[in-house]
Each structure stands twice: as structure tokens, then as C-alpha cells.
Amino acid sequence: MQFGIFSVSDITTDPTTGRTPGEGERLKAVLAIAAKAEEVGLDVFALGEHHNPPFFSSSPTTTLAYVAARTERLLLSTATTLITTNDPVKIAEDYAMLQHLADGRVDLMMGRGNTGPVYPWFGQDIRNGIPLAVENYALLHRLWREDVVDWQGRFRTPLQSFTSTPRPLDGVPPFAWHGSIRSPEIAEQAAYYGDGFFHNNIFWPISHTQQMVALYRRRFEHYGHGAADQAIVGLGGQVFMRRNSQDAKREFRPYFDNAPVYGHGPSMEDFTEQTPLTVGSPQEVIDRYAAMRDHVGDYQRQLFLIDHAGLPLGTVLDQLEILGGEVVPVLRKELAVGRPAHVPDAPTHAARVAAAGGGRDATVHGAGDDVTGASPEPAGAGDPRVTR
């Protein structure tokens with residue numbers, strides 16, 4: 001399994017001090033958090049995408065490229081990439097570029113987002129959310145796998161003999177997760193392509209998560225990608241830990257009570273009972289998350305949200321020390337016990353290149369130019385200058 005953290009990039013007032021960090025300070029804090037995640041032995045750092053206050057992360061690729069240059073093994077992902085309001089051509093280019101810069105340590109999570117007004121900001125209608133997600137990903141999937149694409153759809157101008165550059169590193173596209181909390185159509189989409197399904201269940205009871213993951217697994221098998229228990233599943237989570245449970249609850253309560261996303265609603269006790277949020281000792285977190293596979297089966301990725309709600313950077317770094325030093329090592333061992341040999345490991349670029357028979361230089365050489373925008377003909381069309 002892969003263990004890591006994700007950030008939604010919120011800029012929230014610390015309710016215990018009344019201090020609100022600036023955008024630059026919060027961004028630098030996230031960079032420090034990513035570096036600490038690698039230092040303590042976590043596998044994944046994922047960053048959300050937002051285009052409105054109180055969030056700063058409007059360009060995840062920029063931030064992740066910076067993190068890539070300052071880390072050596074941390075796998076970089078998104079949480080999420082807005083497949084509905086981003087142009088799939090630009091996604092194909094940006095994440096292939098990031099893949100090269102990070103030596104393959106990149107995947108991404110497709111999502112529709114949870115901010116309704118973002119759609120008209122980018123020229124779209126929220127009522128087309130699901131059709132946009134389906135059509136845009138269908139195009140993105142082709143752009144990464146076909147050197148020259150002709151395409152026509154409903155939501156963007158047609159493409160004629162288009163080549164997305166750069167081509168994917170080693171000829172293998174970044175692994176795609178499809179993230180959803182409530183939409184069975186997205187679980188279906190992930191299953192159709194044989195991609196990963198990430199259920200960011202931080203606001204939902206485990207019974208709902210169980211239903212969504214079970215649907216994805218059934219449809220994954222239906223489309224012939226393998227047995228249901230071989231489907232690639234990821235889960236979200238939230239934790240706050242101190243040496244004993246009472247201290248954790250006392251310290252985290254004001255942050256919970258005032259958090260923009262769930263403050264002034266259910267009590268912390270009710271929320272922790274009904275969702276994966278766990279506020280307590282390291283052992284309580286271990287017990288809670290070791291039991292997740294009882295509900296969803298053996299899965300591949302577990303990400304935790306720990307830097308939200310105005311928590312100061314020092315506290316977040318303390319949480320990472322506990323997570324990487326005490327919690328994740330035990331979870332690795334416990335979740336490996338009894339794991340069937342045919343259940344796949346979490347996807348990595350190296351493993352996917354090996355499965356493809358080895359890497360190759362996928363550069364497309366052709367008679368394109370910067371005046372007409374002409375692209376090369378598909379290989380085999382009689383142009384000896386084209387290589388695949």
C-alpha cells in the first residue's frame with residue numbers, strides 16, 4: 001500500500017490565536033509539509049485544485065514541480081485535477097511535462113470539484129458536470145496514448161491531426177485516479193478504463209464508501225480488467241493525534257468547531273463516529289484505519305488530511321512525525337497480513353513501464369511548424385520522418 005497526505009490548500013484563521021496566514025505563507029508551509037512527508041517515510045503528497053478564496057492552489061503542477069525538484073522518492077499527485085473545467089489538451093501537456101520533470105513520480109486524480117461557481121468562470125455549465133467529466137477524460141485518455149488524434153465532441157472545438165507534447169515519459173502516461181464522493185457515474189468511468197477509484201470519504205459514513213467501492217469493483221471485473229478484488233482503490237481520511245486521546249480532543253476541538261467545511265454543525269464526537277475523522281491517540285488511529293479493509297477489501301492507497309482548519313505549521317509537522325513514525329509503519333504491517341498475492345500493489349511509474357515491456361522514447365518527430373500548427377501524420381502513413 002501507499003500512505004500519504006493530501007492538502008486542500010485552505011487559508012483558514014487559527015481560532016486559538018485569531019491569526020490568518022497570507023497566501024505566500026500558506027504556500028511555503030505546504031512546501032515544508034511535503035518535504036516533511038518524505039522525511040518521515042510517507043509515499044504520497046497530493047495537492048488539491050481550487051480557483052477561489054479561501055484556497056491558494058490554482059496551479060498544482062507549478063507547486064508539484066517545485067516539490068519534485070526538492071524530493072527524491074515522494075510520489076506527487078493531485079486531489080483533485082478538475083477534469084470538467086480544465087481543457088483536456090492542457091491537462092495532457094501539463095502533466096506529461098511534470099511527469100518528465102519528476103522522473104515519473106507523478107499521477108493525478110480526476111474530479112468534478114465541489115465549488116459550483118467555478119464552472120462559469122471557465123466557460124462551462126455545472127449542469128453538464130457529468131457529461132463534461134466523461135467526454136473530457138475520453139479525450140485525455142486518447143491524447144496520452146495516440147501520437148496523432150482526430151477528435152470531435154460536444155464541449156470543445158474539434159482536433160485535427162493533433163499531437164500533444166511532450167509525449168508521456170517512457171511512452172507510459174501518468175496513472176489516473178477518478179475521485180468521487182457521491183457520483184456512481186465516476187466509479188463507472190474508472191472501472192471502464194481500468195483506472196483507479198479514489199473515494200475521498202472524509203464527510204461520509206463508511207456504509208456509503210462501501211457501496212461506492214463495491215460498485216467500482218463489480219464494474220471493473222465486468223469490463224474485463226481483472227477480478228473485483230484486483231481493482232485499484234484509494235481512500236481519504238482525517239486524523240489529529242496526541243499521546244493520549246484527551247489531549248488530542250482538547251487541542252483539536254476549537255479547530256473543528258470553527259472549520260469552514262464542517263464547523264458549526266455536528267459535534268466533533270458525532271462527526272468522528274459517522275466519518276473517518278479520528279481524533280485521539282496513535283493507537284486509536286491505527287485501530288480505525290486497519291479496519292478499513294473490512295469494509296472495502298484490500299486497497300492500494302490511503303491519504304490523510306492533516307493541514308486544514310487553521311492548524312499552525314508546527315502542529316502539522318508534529319502530526320507528520322507521529323503519522324510517519326508510529327502510525328504508518330504499523331498499518332503497513334497490519335494491512336499486509338493476509339493480503340492475497342493476486343491483489344496488485346499500488347501503481348508506480350516503474351512498475352507500469354515494466355508491465356509495458358520496458359520504456360521507450362515516445363518523442364514524435366515530424367514536419368510540424370509554428371506558423372500553421374501542422375502536426376505530423378500518424379506513423380505508417382508514409383512519412384519516414386515520423387517515429388513512435
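## Residue N200

N200 is buried, as its relative accessible area is 19%; buried means under 20% relative accessible area, exposed over 50% and partly exposed in between, with a 1.4 Å probe and protein chains only. N200 sits in the loop that runs between β9 (196-199) and α7 (206-222). Helices (H or I, at least four residues) and strands (E, at least two) are DSSP runs numbered from the N terminus. Leaving aside neighbours within four places in sequence, N200 contacts F6, S180, I181 and G236, where contact means heavy atoms within 4.5 Å.

## Basis of the values

The model is predicted, so local features need pLDDT of at least 70 and side-chain atom pairs count only at pLDDT 80 or more, while totals for chains, interfaces and linings use all residues. Residues are numbered from 1 along each chain as its sequence is written, and side-chain values use heavy atoms, with hydrogens and water left out.

## Residue F240

F240 belongs to strand β11 (residues 239-241) and is buried, with a relative accessible area of 0%. Not counting residues up to four places away in sequence, F240 touches A248, E251, F252, T278, V279, G280, L311, T315 and Q319. One of these, V279, is 39 residues from F240 in sequence, yet the C-alpha to C-alpha distance is 4.8 Å.

## Nonpolar cores

In soluble globular proteins, nonpolar side chains tend to be buried together. A nonpolar core here is a set of buried Ala, Val, Leu, Ile, Met, Phe, Trp, Tyr and Cys residues joined through side-chain atoms within 4.5 Å. The largest such core has 98 residues, of which I5, F45, Y216 and F252 touch the most other members. Helix α12 (residues 313-336) gives the most to this core, with eight residues. A second, separate core has five residues, among them L82, V118, Y119 and L132.

Beyond four places in sequence, I5 touches I33, A37, L42, V44, F45, A46, L303, F304, I306, L320 and L323.

## Helices α3 and α5

The axes of α3 (residues 88-101) and α5 (residues 129-145) come within 9 Å and cross at roughly 45°. Axes are lines fitted to C-alpha atoms, for helices over the stretch in contact, and angles run from 0 to 180 degrees between N-to-C directions. The two helices are therefore oblique to each other, since angles under 35 degrees count as roughly parallel, over 145 as roughly antiparallel, 65 to 115 as roughly perpendicular and the rest as oblique.

On the α3 side, P88, V89, I91, A92, Y95 and A96 meet N136, L139, L140, L143 and W144 of α5.
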